[in-house]
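I am opening a notebook on a structure that is new to me. I will look up a few things and write down what I find.

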Amino acid sequence: MKRRDLLKGLAMAAGGALCSSGVLGQAQTETTDKTRLATPIRALVRKNGSLYQPMEISLENSGSAGVAVTKIDGVEIDRRAVQTGPNRFEAYLKPPSGTQHSMVSIEINGKQFSESIELKPVRQMLIYVLPHSHHDLGYTDLQADVEEKQIRNITKGIELAHKTAGYPEGSRFVWNLEVLWGSDLYMRRSSEAAKRELLDAVQKGWIGVNGSYANELTGLCRPEELLQLFRYSGQFGKSCGVKVDSAMMSDVPGFSWGTVTAMSHAGIRYFSAAPNFFDRIGTFMATWQDKPFWWVSPSGKEKVLFWVPWTGYALSHVMKLGNDLVAKYQDRMDEVHYPYDISYIRWSGHGDNAEPDSELSDWVRDWNQKYEWPRFSIASTSTAFSAFEKRYGNQLPQYRGDLTPYWEDGAGSSALETEMSRNAADTISQAAALSATMNGKTYDPTKYAAAWRDVLLYSEHTWGAWNSVSDSEKPFVKQQWDVKRAFAVDAEKLSEELLHRSSVPLSSAKTRDIEIHNSTSWDRTEIVYLSREISAIGDHVTTQSGKPVPSQRLSSGELAVLVSSVPAFGASCYKLSSQRAYAHVSPVSYKDNILSNEIVQAKVDPSSGDIVELRLHGEALDFVDHQAKHRINQFLFLAGKDIDHLQSSGKASIVIEDHGPLVVSLRIESSAPGCKSLVRRIRLAAGMDYLELSNTIDKQQAPLNPHPGVGGPGDEFAQRGSKESIQFAFPFAVPNGKMSIDIALGNMRPELDQLPGSCKNWLPVGRWMDVSNEEIGVTWVTQDAPLVEIGSISATMLGSQRDPSVWRKHIEPAQTFFSWVMNNHWGTNYRAYQEGSVTFRYAIQLHRKHNAATASRLAIAFSEPLLPVSTASPENTYMSFLKIEPSDVLALTLKPSEDGKAWIVRLFGASGQSRIAKLTWLSSHVGKSWKSNLAEDEVEIIGDEVAVDGWELVTVRVEKEILANQSEARER
């Protein structure tokens with residue numbers, strides 16, 4: 001069974017969900033009625049200088065030949081000779097100004113035929129048709145077969161464009177590259193002649209380039225990952241000599257708000273979003289189909305024209321070219337009171353990964369030659385959207401907010417691999433920064449592009465086969481998962497290789513001297529954990545000037561060291577010796593079930609292992625909501641969707657692994673439903689204002705389909721069998737506290753910053769969430785798990801969900817949320833089960849007045865830890881390679897430019913407030929600075945001060961040649 005066979009079968013139940021009048025339902029069925037006598041064609045033709053609506057007459061004349069007289073409501077409109085037997089011809093009517101019901105009669109040889117008809121006004125509109133193939137990297141076929149198919153589709157698209165180059169304007173074939181991983185493969189695998197053919201086709205306008213690399217689950221993306229999603233478009237566009245200003249994404253319902261920022265950074269102005277038209281899409285399609293608007297970025301400084309066509313990308317899957325399509329399309333426009341005379345449809349062939357439709361150009365040519373309205377024009381996304389903008393751009397509404405996506409929940413079906421890819425993205429960014437500050441010559445753009453490609457293709461929406469749940473052990477299914485999993489595995493491996501290459505130990509021998517390198521744009525004071533190998537000399541640590549610093553040998557063999565003020569994009573040097581470790585003056589302790597370090601105090605329930613009290617030292621306020629059903633970090637197992645029978649972990653066994661004075665860590669072991677074991681760790685360090693949590697689940701495999709292959713994705717087992725999920729609870733209590741969520745390249749408040757149609761049953765989170773009032777609050781950091789449920793456990797949507805009314809409508813103000821770490825809720829595409837050990841890491845910081853930049857610094861510090869490197873030639877400290885003030889403007893990225901001639905810095909207004917950022921380089925003799933973009937172009941020359949608005953991303957390019965001597969000195 002192919003995907004569209006499944007979708008067509010399910011679509012019958014979807015029509016009413018998307019179109020209240022049933023227009024979509026009509027679009028999905030072929031008429032079985034007997035041949036009608038008179039069928040109005042919803043078009044206009046020009047006759048003798050006037051416009052008329054044609055009506056097709058199908059007359060079965062059982063008598064002798066004669067003259068047929070056609071009347072409408074008694075008024076003659078046509079007279080002609082007809083033969084015995086079937087006769088088909090067109091009669092022409094005066095176009096109606098409104099919907100009207102009329103009687104058509106035909107008289108021949110004294111015999112009369114009659115039939116009632118409904119006439120509707122014909123829209124004088126231009127409908128752009130965007131041909132493309134929906135890129136599922138797998139699902140319908142093995143990934144390798146899909147890759148070859150999409151490469152062949154490019155060739156076929158060029159052939160059709162060449163064949164129709166002499167057709168009338170509007171009917172010449174144009175092939176849209178929906179996403180760019182296919183063209184990337186084409187350029188890497190094809191002959192030089194074939195490459196040239198593609199580049200020429202783009203320049204001629206035969207091929208339309210769209211800027212997204214993949215149909216991405218944007219809610220999973222780290223900030224630089226979201227930018228990398230559009231990076232290749234600039235590279236490919238330059239090689240073709242064209243500007244890429246449009247993007248398509250298909251199938252996925254919903255997009256993270258920062259997508260606008262990332263697109264704008266790539267020069268993309270037009271966004272054709274064409275989601276799946278019925279399954280697990282909530283109210284997204286019902287809200288946004290045929291309602292173009294300007295989607296404004298979190299900073300308010302960028303916008304893209306966002307436009308969802310009727311049925312998303314699936315129109316060609318459920319309808320054929322012909323009069324019926326034209327009529328039903330206008331019915332749809334009438335239903336939504338579409339106010340414009342330009343529109344567009346996607347035409348993605350007959351199924352996913354389909355080849356170009358060879359009939360399209362001929363049909364458009366013939367239609368346009370015969371009828372004046374509506375007109376069709378085959379086009380690229382850019383052509384269609386720019387024409388629409390020119391006519392209506394200043395009339396469109398503007399909306400600012402998150403289009404919270406739906407399908408990211410499937411990433412919880414492979415929690416380990418999601419964690420691997422998520423952390424690989426951070427490691428790649430860290431490696432690039434260290435390459436810039438430590439050893440610029442180690443930066444190889446090709447290797448970084450390969451690593452980012454693996455990360456992007458893991459977050460691409462195709463997880464597995466169409467029968468991944470109903471027939472999970474079939475080789476076809478397992479082979480697809482092996483390929484998908486390899487993207488995460490390879491991303492992790494490549495990222496670690498890049499990090500190692502950027503920070504190769506300066507001495508291979510054991511040394512007493514350690515450099516602690518900081519890959520972020522602010523000075524850092526925190527605990528660094530030296531491996532057993534690098535700290536083998538001893539436990540005593542001093543600065544290079546001889547000042548002792550607190551340290552402690554841990555049960556893991558690591559040496560914990562409290563380092564202070566490690567400079568931004570710089571390093572500090574420390575010396576190891578075999579003396580006794582120096583103790584912190586205010587040690588951390590664990591006594592009477594309470595962890596305390598004179599800043600934070602946390603009480604652990606000795607029976608459950610949950611955190612039952614959480615306070616700032618000396619404060620009365622308890623941050624744990626005691627009115628809630630659950631406690632902090634409580635394990636919850638949900639079988640199916642029966643939230644009334646949630647299960648929790650068994651009795652806890654608590655062991656103190658590290659006793660202080662610098663670090664205390666607890667190991668809490670419990671039985672847990674659905675798991676072989678559950679081990680939670682809580683760690684508190686002296687002088688730190690946050691707790692670290694580490695929850696390791698050894699997952700049991702969910703039961704398999706007892707009748708594999710029977711019924712497919714629509715079968716009872718695939719839809720509801722063996723469904724389960726795991727959450728960790730975080731019920732906080734802050735008087736009048738308000739919740740905010742970090743997202744890639746932005747920040748959002750649940751409900752308040754969510755546009756209509758957004759998913760509210762679960763939300764992706766970037767790095768942190770916060771609950772605060774004007775004076776005090778708590779920040780929660782998640783390193784590995786990207787999904788949360790707010791207020792209650794609301795992720796209970798099992799299998800296919802086609803009714804918009806069953807989805808959560810609102811998120812009421814809340815301070816409780818759940819980290820939703822694992823599920824197998826889908827009936828297709830995602831995994832049927834997962835098993836083995838997965839660790840989910842969190843931090844909880846208690847703070848005074850909330851500052852989003854402070855929260856981001858804490859969270860990024862966990863994702864990009866300070867890096868210890870042994871050295872044979874220590875210095876006291878390395879000054880900041882680059883210093884950025886004020887500190888709430890963060891450098892999300894520092895890297896050598898792709899051409900090796902400059903440094904690239906991405907500045908982000910992380911506090912939400914407008915700032916003037918000052919950049920101070922290690923050398924006072926830097927080259928010119930330019931405002932830049934994702935293509936790293938020299939856009940506008942600037943000084944060492946840059947205006948950065950709240951939530952704005954600004955890329956700066958700084959010429960490198962004058963820094964060469966400094967860089968060489970650091971490369972030692």
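How many bridges join β47 to strand β50, and in which sense do the two run? I found 4 bridges, and the strands run antiparallel. I keep in mind that this is a predicted model.

**Entry: the sheet around β50**

I placed β50 at residues 915-921. I then looked for a residue pair across the two strands. K883 stands opposite T920 in β50.

Next I traced the whole sheet. It is an open sheet of 3 strands, in the order β47-β50-β53, with antiparallel pairing. β47 (882-885) and β53 (945-948) are the edge strands. Each has a single partner strand, so one side of each is left without a neighbour in the sheet. I noted the twist as well: on average it is 25 degrees from one strand to the next.

**Entry: another open sheet**

I turned to an open sheet with the order β20-β24-β23. It has 3 strands, and their pairing is antiparallel. Its edges are β20 (524-530) and β23 (551-553), each of which pairs on one side only. Neighbouring strands here are turned by 25 degrees against each other on average, direction ignored.

I checked one pairing in detail. β23 and β24 (residues 559-566) are antiparallel over 3 bridges. R553 has L559 in β24 as its bridge partner.

Is β33 largely enclosed or left open? I found 6 of its 8 residues buried, so this strand (residues 663-670) is largely enclosed by the rest of the structure.

I followed the chain from β32 (residues 653-659). β32 and β33 pair in the antiparallel sense over 6 bridges. V655 stands opposite R667 in β33. The hairpin has 3 residues between these strands. In this hairpin, G660 takes a positive phi near 100 degrees.

I went on to β34 (residues 675-685). It is joined to β33 by 8 bridges, and the two run antiparallel. Here S665 stands opposite R683 in β34. β33 and β34 also form a hairpin, with 4 residues between them. I looked at G674 in that turn and found a positive phi of about 80 degrees.

Strands of a sheet pair through backbone hydrogen bonds, either parallel or antiparallel.

**Entry: helix α11**

Does the length of α11 agree or disagree with its residue count? The helix has 13 residues (323-335), and at 1.5 Å a residue it should span 18 Å. The step count is one less than the number of residues. The end C-alpha atoms are 18 Å apart, which agrees.

I listed buried residues in α11. They include L325, V326, K328, Y329 and M333. Just after the helix, I came to H337, with a positive phi of about 55 degrees.

**Entry: aromatic rings**

How many aromatic pairs does the structure hold? I noted 49. I took F728 and Y842 as my example. Their ring centres are 6.4 Å apart and their planes are at 65 degrees, so the pair is edge-to-face. The cut-off for that label is over 60 degrees.

This pair links distant parts of the chain. F728 is in β36 (residues 724-731) and Y842 is in β44 (residues 836-847), 114 residues apart. F728 and Y842 are buried.

W826 and Y830 form an edge-to-face pair too, with 4.7 Å centre to centre and 75 degrees between the planes. Both of these residues are buried.

I also found a cluster linked by ring pairs. Its members are F255, F271, F284, W288, F293, W295, F306 and Y399.

**Entry: charges over rings**

I looked for charged side chains over ring faces and noted two cases. K204 lies over the face of W206, at 4.4 Å from the ring centre. R831 lies over the face of Y833, at 5.2 Å from the ring centre.

**Entry: cysteines**

How many disulfides are there? The count comes to 0. I wanted the reason for C221. Its closest cysteine sulfur is in C759, 17 Å away, which is too far for a bond. A disulfide needs the sulfur atoms within 2.5 Å. C221 counts as buried, at 5% relative accessibility. C759 is in no disulfide. It is buried too, with a relative accessible area of 0%.

Methods
Residues are numbered from 1 along each chain as its sequence is written. This is a predicted model: local features need pLDDT of at least 70, side-chain atom pairs count only at pLDDT 80 or more; totals for chains, interfaces and linings use all residues. Side-chain values use heavy atoms; hydrogens and water are left out. Rings of Phe, Tyr and Trp (its six-membered ring) pair if their centres lie within 6.5 Å; planes under 30 degrees apart count as stacked, over 60 as edge-to-face and the rest as tilted. Buried means under 20% relative accessible area, exposed over 50%, partly exposed in between (1.4 Å probe, protein chains only). A charge sits over a ring if NZ of Lys or CZ of Arg is within 6 Å of the ring centre and within 35 degrees of the ring normal. Two strands pair if DSSP finds at least two bridges between them. Axes are lines fitted to C-alpha atoms, for helices over the stretch in contact, and angles run from 0 to 180 degrees between N-to-C directions.
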